[in-house]
Amino acid sequence: MSQPAISVHNLSFAYSVTEPVLTDVSLQVISGSFTGILGPNGAGKSTLLKLLSRWYKPDSGDIMIGGESTKSMSHRELSRRIAVVEQEQRFATDITVRELVALGRLPYQSLLSEESEADRQAVELSLTQGGLLDLSERTLSTLSGGERQRARLAMALAQDASILALDEPTTHLDIRHQLDLLTLLETLRAQGLTVLAVLHDLNLAALFCEDLILLKEGQVYATGTVDQVLTAENIAAVYDCRATVYRHPIHGVPQVALLR
Amino acid sequence: MEIKKPLRVMPLLWTLLLAMLIISMANGAVSIPVSRIWAALSEVISSPRAEWSSEATILWRLRIPRALLAAVVGAGLATAGAVLQGLLRNGLADSYVLGVSSGASLGAALAMLMGLRLSFFGLGSVTPAAFVGATLTLFVVVFIARRMTGNSTLGLLLAGIAMSSFLSAIVSLLVFFSRERIQPIVFWTMGGFGARSWNHLIAVAPYIFVGYSVAFLLNRQLTAISLGDETAHHLGVNVPSTRLVLLGASALLTAAAVSVSGVIGFVGLMIPHMARMVSSHNYRRLLPASAVLGATFLVAADLIARVIVKPAELPVGIITALCGGPFFIYLLSKRRREI
């Protein structure tokens, strides 16, 4: 493997002195992988993403993207390298899908520039990838939850970043739409993107991810391939619940069955 | 290429504004038939001032500058409201509701009282003083709402109402103690476009132009921020500095409007909502639509204020408040859940 897409060195972050969220986190995300971030509520999964995008500034430690420290990058530069899809939220601003996706081109536009040909092509491609061509003139409030999620994903794709980070992209979706979205992410990974997603469903994570990062109380408890991370011992230690791990009958990946 | 429907709204809005300007020029204490406006205008261009008919004089000296001033102020107030609503992600935000207009009027009143005739760019000191008042008020209100009330809609409104009452009380005090000395201030605090001339228009238009241009240049950033600060950040927008510039632009627009025509409420509250209905939530289209609709609305409100009790005049703020008050309550009822 070449250079990792993301490497995090001794990252610490706290909202206040008494409330450390992440403590001395070091990890690497392999370029071109689909990596899942797992862990119980409050383990620091979302915070880790917000640190990667520099929405929060780390107290100590460093984050390298493509071998460069994010400290020295401007907001624009960073947003051309890593595109983030936040947790599901309703927007009060009711613009069309195309207008939303076009905002993904902001990192490439100056104040006076009009939409360039490259912008238009990127928007068109992102709409196509998101399966949104028929919906492009609809406004966000008229979309279903799954459609809205794909619209937000398409906006991130228009950023043309090599890393796509998503915070619980499948929450609030039914299983059909969860599968659709993860399949779409897998397709994007196959096209060369590095996909990093905070996920809650261990079995879906095992089905789609190659690598996993398991967080516990603000620290990395385990990282590696799905087979290495998703073990009964790790689940017992991190989630404090008993489980047995078996092989998926069709796909052969580990699956978790909880025990009473 | 397909034609995007909302883009075609603008010619319609411009036509509406033009029609309203002509109606406004034709009506008043003396009616001038629309058919004679053109003749009177060509008289203004072709003959020396001493030979003008009374119609030409009324049009050129009174009606035209007054209508244009109402249009410019309306555009400015509506733009300021649209910007504030997007920045604060709050459809109830507006320079009047947030007390920014009162802050501007305090600044302007102080400048008038102290007779600060120091010239800034040859435009007098009233607008700059109003800008200082507006900016300080805006930052205090936003700070109180964000830091002390957890940025709730209710907190923002209450902070605005408190500041607004407090500052208007100070303005009233100033006016009370200076009544004999300075008549124009009393006149000005009532709000309106009576006895305004080309000089007022020339003094205020550049500020409105600058404020609007800043907002429009940042239209994409503004749309992004209206979706959420974090979303905007992920799109590479420097949220704190962009917000600062846009708050400054809305303070400038408010200050310019207030320094020339006093406090006129609710334009910035109502017009952006109407603009969203006929045009779009996307600021690239919302800003021009708001500006032109705001101009049309205030020209119409001023016309009503002039003709409804002619030959006397109502302060135009009464007309805008009569429309705006019920509209504000309607918006409140729509957002009940959130508050």
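In this predicted model, Gly28(B) is buried, because 20 other C-beta atoms lie within 10 Å of its own, and 20 or more is the count that qualifies a residue as buried.

**Surroundings of Gly28(B)**

- Gly28(B) is placed in the loop of chain B that runs between helix 1 (9-26) and helix 2 (34-46).
- Once its neighbours within four places in sequence are left aside, the residues in contact with Gly28(B) are Arg63(B), Arg306(B) and Val307(B).
- Ala300(B) stands 272 residues apart from Gly28(B) in sequence, while the C-alpha to C-alpha separation of the two in space is 12 Å.

**Contact between chains A and B**

- Chain A contributes 20 residues to the contact, and chain B contributes 19 residues.
- On the side of chain A that touches chain B, helix 2 (75-81) and helix 3 (97-103) of chain A each supply at least two residues, and the largest share, 3 residues, comes from helix 2 of chain A.
- Sorted by class, that side of chain A has 9 nonpolar, 7 polar and 4 charged residues.

**Sheet in chain A**

- Chain A has an open sheet of 4 strands, in the order 2-1-4-5, with antiparallel pairing.
- Strand 2 (19-29) and strand 5 (68-69) of chain A each have a single partner strand, so at these edges one side of each strand is left without a neighbour in the sheet.
- Strand 1 (residues 6-16) and strand 4 (residues 60-65) of chain A pair in the antiparallel sense over 5 bridges, and the bridge partner of Ser12(A) in strand 4 is Ser60(A).

Note on methods
Residues numbered from 1 in each chain as written. Chains lettered and ligands numbered in written order. Predicted model: local features only at pLDDT ≥ 70, side-chain atom pairs only at ≥ 80, totals over all residues. Buried ≥ 20, exposed ≤ 12 C-beta atoms within 10 Å, placed from the backbone. Contact = placed C-beta atoms within 7 Å. Nonpolar A, V, L, I, M, F, W, Y, C, P; charged D, E, K, R; others polar. Pairing = 2+ DSSP bridges.
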